[in-house]
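Here are my notes on the model you sent.

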Amino acid sequence: MMRRAISGAVLLATLVAAPSAFAFCRTTTCDPNDAKEHCTRDSDNCVTDGFPLIWRSSCVTIGVQKMGSAHNGFSYDDIADVVTQAFGTWMNASCGSGHPSIDVEMIGPIECGLSEYNGDRGNANIVLFREDKWPYEGAANAIGLTTTRFDTKTGDLWDADIELNGVTQQLSIGDPIVADDLLSVLTHEGGHFLGLSHSLDPTATMRAVYDPRTDGDTFRDLAPDDIKGICAIYPPGRQTQTTSCENRHGFSSECGADQPPPDESKGCSLNTRAPVTSSSPGSYAALLAIFGAVWGARLARRRRIV
Amino acid sequence: MRALTLDSLVQGSRRILVVTALASECHFEDLGRRRRIVTDTRLRVEEGLAKADGVESELMVRTLGGSVGDLGERVHGQAQLVLGEPCVAFLLQGPDGLHYVNGMAQGHYPLKSARRLLTQSPDLPEILDYQTSAVKALVGSELGAARDRVRAMVKP
């Protein structure tokens, strides 16, 4: 996919000519949903306590659950294409001197159909449709929910999943928009995935209020406020701790319950933190060969979004 | 999130109350076949706007997300019940007996200023069909006016 050309000059002119009364908000470790944390907010309604959430690496993967959405008639490929497009919009933002210093790479179909974080085995960041039961009381009319998991001491993002309601909600792909537009929904949820909260800027894709009848496809693109937000989190030239795309505790397409327990792993799963149990040089060579083959297969399945 | 109209919010709620958060506690819970972090908030009931028959002086409301140890879990669009802050809450009662905010942040309206104006929940999710929403209908109303509106909608 080609990076969309938004010149720094045009962006600067836009920002100067039409200053917004509000600014983007970053999600932080302070949980305003937890009354005892006493999170304070500024005039932009942004939480000012805690550490801002961020993917520390310059690369993160996302996968799509392999079953797609029977309810909506979407195949895995249909959804993967829209996910690629939605995250591509964020990655293509022009930060003046470059683009956001994070790559989101599409990894192959994911077996696991649940949103979860495994503290002792492999993980995957997943876009999935819940089609059997939408399990969240009080959220029956939710189209999508993004859950981010993070280190409360640093704000380091560890895992993020986007769940879409395939039980009661109808979505559409492409033009014309005949139901709720999947690309609009995923572009907005992608902002949460990357560390943004809702914005009060009425033009922002991260605003809370959207009406497809009046707002059309405006959620498919970014407004200057969104661009400022993504560039603030991931400025070009950011010094990253790593360039690895690896998930925390390694990547696994399988749900945690379907993975071998860590102490029983034989080193052949995609959980790269599995212990090496043999010390002979021949065994090391064999393990390295297996690891290389697995890693090569993973790279072949990955698709860079930018 | 699809907008709830005021009528659907009123009809779909088990309780419609003015409440104040007293305390909260986060823990893991089996939800949707997975362990997830939830926050249970103890609320003091200040006033019943509607559907308040038999309500106790305190009740527990569960929302998604929270922190346990080093792990934080955030689900955008939740009602944010701030300690000591009164709010109007439209509540469901789940099969587990716990209460949940109906429509997530769409069912939560913090009360501000001496006039007790209903305000928008801070993390209101992306709402489709805003023009017909309860949020549009209620935000900016004084509590007394909101009370009259809600009560007029309650079907016997």
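1. B:R116 is partly exposed, because 15 other C-beta atoms lie within 10 Å of its own, and a residue needs 20 or more to count as buried. Bear in mind that this is a predicted model. B:R116 sits in the loop between β8 and β9 (117–118) of chain B. Its phi is near 55°, a positive value in a residue other than glycine. Most residues other than glycine have a negative phi.

2. B:M104 also has a phi near 55°, again positive in a residue other than glycine. Is B:M104 buried or exposed? B:M104 counts as buried, because it has 28 C-beta neighbours inside 10 Å. Its place is the loop between β7 (99–101) and β8 (108–112) of chain B.

3. On confidence, the mean pLDDT of chain B is 92. In that chain, 99% of residues reach 70 or more. The model as a whole scores ipTM 0.88 and pTM 0.84.

4. β4(A) is joined by 5 bridges to strand β5 (residues 71–75) of chain B, and the two run antiparallel. Two of the facing positions can be checked by eye. A:F150 stands opposite B:G72, and A:T147 stands opposite B:V75.

5. β5(B) has a partner within its own chain as well. Strand β4 (residues 66–68) of chain B pairs with β5(B) over 3 bridges, in the antiparallel sense. B:G72 is the bridge partner of B:S67 there. B:G72 also stands opposite A:F150. β4(B) and β5(B) form a hairpin with 2 residues between them. In the turn, B:G69 has a positive phi of about 60°. Why is β5(B) described as largely enclosed by the rest of the structure? The reason is that 4 of its 5 residues are buried.

6. Next, A:F193. This residue lies in helix α3 (residues 182–194) of chain A. A:F193 counts as buried because it has 25 C-beta neighbours inside 10 Å. Leaving aside residues up to four places away in sequence, A:F193 touches A:T146, A:A160 and A:I162. A:I62 is 131 residues from A:F193 along the chain, yet their C-alpha atoms are separated by 10.0 Å.

7. The largest nonpolar core has 109 residues. Which of them touch the most other members? They are A:V83 and B:I127. Helix α2 (residues 76–91) of chain A supplies the largest share of this core, 8 residues. A:V83 touches A:I62, A:V64, A:M106, A:V127 and A:L186, again not counting residues up to four places away in sequence.

8. A closer look at α2(A). The helix has 16 residues and reaches 22 Å from its first C-alpha to its last. That is close to the 22 Å expected at 1.5 Å a residue. Its buried residues include A:I79, A:V82, A:V83, A:A86, A:F87 and A:W90. An α-helix has 3.6 residues a turn, so residues three or four places apart point the same way. The buried list also runs through A:G88, A:T89 and A:M91.

9. Last, chain A overall. There are 6 helices and 8 strands in chain A. Along the sequence, the pattern is α-β-α-β-β-β-β-β-β-α-α-α-α-β. Of the 306 residues, 49% count as buried. Among contacts in chain A between residues at least 6 apart in sequence, 68% join residues at least 24 apart.

How values were computed
Residues numbered from 1 in each chain as written. Chains lettered and ligands numbered in written order. Predicted model: local features only at pLDDT ≥ 70, side-chain atom pairs only at ≥ 80, totals over all residues. Buried ≥ 20, exposed ≤ 12 C-beta atoms within 10 Å, placed from the backbone. Contact = placed C-beta atoms within 7 Å. Pairing = 2+ DSSP bridges. pLDDT = per-residue confidence, 0-100. Core = buried A, V, L, I, M, F, W, Y, C linked by C-beta atoms within 7 Å. Expected span 1.5 Å × (residues − 1).
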